[in-house]
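Have a look at the picture first, and then read on.

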Amino acid sequence: MTPRENARELQDVQIMAEKTDSVLLAVSEAVCAGTYALDNYRWSFTVLQEMSGELRDKLIEMTERAMEEIRKEKEQEEM
């Protein structure tokens with residue numbers, strides 16, 4: 001990947017993290033306020049779980065790709 005593609009991908013992951021954090025904050029504040037039954041937030045927790053799973057998967061993918069690039073570079077240096 002080019003540096004520009006890497007930067008764009010990192011920016012996308014940052015946005016994913018900010019969205020997840022925002023949903024978590026909103027749900028936490030609503031639940032802590034205690035004005036509604038917890039069942040009213042069921043779907044919020046589902047969405048939050050999906051968002052955090054997508055973020056985790058993207059970070060795993062990026063880490064694996066970066067480690068593979070490091071391995072390839074090291075192999076080329078040893079030649």
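## A glutamate under cover

E9 is buried, with a relative accessible area of 8%; buried means under 20% relative accessible area, exposed over 50% and partly exposed in between, using a 1.4 Å probe and protein chains only. You'll find E9 in helix 1. Setting aside neighbours within four places in sequence, E9 is in contact with M1, K58, E61, M62 and R65, where contact means heavy atoms within 4.5 Å.

Before going further, two notes on what you're looking at. This is a predicted model, in which local features need pLDDT of at least 70, side-chain atom pairs count only at pLDDT 80 or more, and totals for chains, interfaces and linings use all residues. Residues are numbered from 1 along each chain as its sequence is written, and side-chain values use heavy atoms, with hydrogens and water left out.

Now for V27, which also lies in helix 1. What do the two residues look like side by side?

| Residue | Relative accessible area | Contacts beyond four places in sequence |
|---|---|---|
| E9 | 8% | M1, K58, E61, M62 and R65 |
| V27 | 7% | S44 and F45 |

V27 is buried too. Its C-alpha atom is separated by 30 Å from that of T63, a residue 36 places away along the chain.

Helix 1 itself covers residues 3–33, so 31 residues, and it reaches 45 Å from its first C-alpha to its last, close to the 45 Å expected at 1.5 Å a residue (the expected span is 1.5 Å times one less than the number of residues). Just after helix 1 comes G34, with a positive phi of about 70 degrees.

Zooming out, the chain has two helices and zero strands; these are DSSP runs numbered from the N terminus, with helices being H or I of at least four residues and strands E of at least two. The radius of gyration is 19 Å, well over the 12 Å that the globule rule gives for 79 residues, so the chain is more spread out than a compact globule. That radius is taken over C-alpha atoms, and the rule is 2.2 Å times the number of residues to the power 0.38. Along the principal axes, the C-alpha atoms fill a box of roughly 65 × 20 × 15 Å. Buried residues make up 13% of the 79 in the chain.
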